[in-house]
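I opened my notebook for a look through this fold. Here is what I looked up, entry by entry.

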Amino acid sequence: MLKSMTGFGSDVNSNENFILETEIKSLNSRFLDLSIKLPKEVYKHEFAIRELIKNKIGRGKVSLNINLTYNKFSNGNSPINPTALQNTLDILTQIKNITNSDSDIDLNQILMLKDLYLNENQETNGIDFEIIANSINSAIQKFIEMKNYEGLELKKDLDFRINKILEELTKIEQISKNSTQEYFEKFKERAKKLVDEFIDDKDRFLIELAILSEKHDITEECIRLRSHIKLFSETLENEDDAGRKLNFISQEMNREINTINSKSVSSEIAHAGIVIKEELEKIREQIQNIE
């Protein structure tokens, strides 16, 4: 199934002791670019959390944010270490004295140093990695569901555009069936006037004209472009990690239509080629959103 590179998922897990909030979101990126923001109580699980995400997400600039709030007062415990808090106040007082500051120590200054006096061993309240992993997995599940939904919408758009390209290619093939011969006939008519002047090299002159007309034959390019379109559609249907492959195929398609446009002498083919290039440009923009 085609997946969008962008998505969002969240989960809230709570009990009488804590509220665990997990959010995961992603933007477009060529590779997996993982950014994790954790509460300090969960730092030691960072490696395991990264591995958990890597096993489920292939590409994208992914941000994971976990917030953990303890309901300490619900069971009579306090998150504040009184001794550490007093030490913090002593430090602020010393700073005030050393700097001869006239201002009073206020609550904002104390709160800015909360890491010094809030209890660190919060896992005694029951938060462990299994709970964290379950919350992350739940958020990732919603995240993937959103990516899958957007992937379906992207696929509808890509199907429409690739079919448009196929229609234009069919038009080009129909026009080109006669264009080479018409081009040769035009040259032959023009050459007849010169042949009269170069009667001894008439055969050689016609061969040169035939070679020149063949330079404008776009049959091979049309066959390759049709083959790329078929592969593109198959990749849309069957590949889970389709972004990079679709990007490569679209580049090959662009190369073929550039060659067709440069070789063709038909304005109708040139116009169809422009339509195909426009659709390819839109496809390439959309592909950047596919994982």
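I began with handedness: a crossing is left-handed if the near helix is turned anticlockwise from the far one by less than a right angle, and right-handed if clockwise. Helices (H or I, at least four residues) and strands (E, at least two) are DSSP runs, numbered from the N terminus. With that settled, I noted that H7 and H8 cross in a left-handed way.

Ground rules next. I am reading a predicted model, where local features need pLDDT of at least 70, side-chain atom pairs count only at pLDDT 80 or more, and totals for chains, interfaces and linings use all residues. Residues are numbered from 1 along each chain as its sequence is written, and side-chain values use heavy atoms, with hydrogens and water left out.

**Helix pair.** I looked up the axes of H7 (residues 243–263) and H8 (residues 267–287): they come within 10 Å and cross at roughly 165°. Axes are lines fitted to C-alpha atoms, for helices over the stretch in contact, and angles run from 0 to 180 degrees between N-to-C directions. H7 is therefore roughly antiparallel to H8 (the term covers angles over 145 degrees). Contact means heavy atoms within 4.5 Å; among the residues making it are Leu246, Ser250 and Ile257 of H7, and Ala270, Lys277 and Arg284 of H8. I found eleven nonpolar, eight polar and two charged residues in this contact (Ala, Val, Leu, Ile, Met, Phe, Trp, Tyr, Cys and Pro count as nonpolar, Asp, Glu, Lys and Arg as charged, and the others, Gly among them, as polar).

**Sheet.** I traced an open sheet of four strands in the order S1-S2-S4-S3, with mixed pairing; two strands pair if DSSP finds at least two bridges between them. S1 and S3 (32–37) stand at the edges with a single partner strand each, so one side of each has no neighbour in the sheet. The twist averages 10° from one strand to the next. S1 (residues 7–14) runs antiparallel to S2 (residues 18–27), with eight bridges between them, and a hairpin of three residues links the two. I checked two bridge partners in S2: Leu20 for Asn13, and Glu23 for Ser10.

**Loop.** Where does Asn100 lie? I found Asn100 in the loop between H2 (82–98) and H3 (107–112). The phi of Asn100 is near 55°, a positive value in a residue other than glycine. Most residues other than glycine have a negative phi. Asn100 counts as exposed because its relative accessibility is 63% (exposed is over 50%, buried under 20%, partly exposed in between, with a 1.4 Å probe and protein chains only).

Note on methods: Angles under 35 degrees count as roughly parallel, over 145 as roughly antiparallel, 65 to 115 as roughly perpendicular and the rest as oblique.
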